[in-house]
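Here is a short briefing to read with the structure open beside you.

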Amino acid sequence: MKVSCIFVALPTGKESTDALAAHLGKDPVQCTVRDVDQYGRLVSSCTAGREDIGHWLVSNGYAVAYTQFSDMYEQDEKAAASSRRGL
């Protein structure tokens, strides 16, 4: 099964992956399918406890909003860019 998210990890994915792993620790992750993209991948939003993982990644500059499916991270992306956070 291929899964995509409402955010897109940046090309420096290893750094984003390492940052997310350090942030989450061993917290379990739960994803909810929201849509299917043009390549047949499931578009999902994911949480760890009460935290929206997409929000954390985008607002810290580790991912960009996938605005084709949702505008929910658009403001997070703008704030990260204006604060020069992340990659």
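Starting at the N terminus, the elements of this protein follow the order β-β-α-β-β-β-α-β-α. That comes to three helices and six strands. Please keep in mind that this is a predicted model.

**The protein as a whole**

- The protein has 87 residues, and 34% of them are buried.
- Its accessible surface is about 5700 Å², with 51% of that belonging to carbon and sulfur atoms.
- If you take the contacts between residues at least 6 apart in sequence, 57% of them join residues at least 24 apart.

**Helix α1**

- Helix α1 covers residues 13-24, twelve residues in total. From its first C-alpha to its last it reaches 16 Å, close to the 16 Å expected at 1.5 Å a residue.
- Which residues of α1 are buried? They are Ser-16, Ala-19, Leu-20 and Leu-24.
- These residues lie on the same side of α1, because they cover an arc of only 120° around the axis.
- What do the buried residues of α1 pack against? Their partners are β4 (42-48) and α2 (53-59).
- On the face turned away from the buried side of α1, you will find the exposed residues Lys-14 and Ala-22.
- Just after α1 comes Gly-25, which takes a positive phi of about 65°.

**The disulfide**

- How many disulfides are there in the model? The count comes to one.
- The disulfide is formed by Cys-31 and Cys-46, whose sulfur atoms are 2.1 Å apart.
- Is the disulfide of Cys-31 and Cys-46 right-handed or left-handed? The torsion about its S-S bond is about 105°, so the disulfide is right-handed.
- Cys-31 has a relative accessibility of 43%, so this residue counts as partly exposed.
- Cys-46 counts as buried, because its relative accessibility is 7%, under the 20% cut-off for buried residues.

**Where the two topics meet**

Notes. Residues are numbered from 1 along each chain as its sequence is written. This is a predicted model: local features need pLDDT of at least 70, side-chain atom pairs count only at pLDDT 80 or more; totals for chains, interfaces and linings use all residues. Side-chain values use heavy atoms; hydrogens and water are left out. Helices (H or I, at least four residues) and strands (E, at least two) are DSSP runs, numbered from the N terminus. Buried means under 20% relative accessible area, exposed over 50%, partly exposed in between (1.4 Å probe, protein chains only). Contact means heavy atoms within 4.5 Å. Accessible areas come from the Shrake-Rupley method with a 1.4 Å probe; for residues, only the protein chains shown count as cover. The expected span of a helix is 1.5 Å times one less than its number of residues. The arc is that of the directions from the helix axis to the C-beta atoms. A disulfide is a pair of cysteine sulfur atoms within 2.5 Å.
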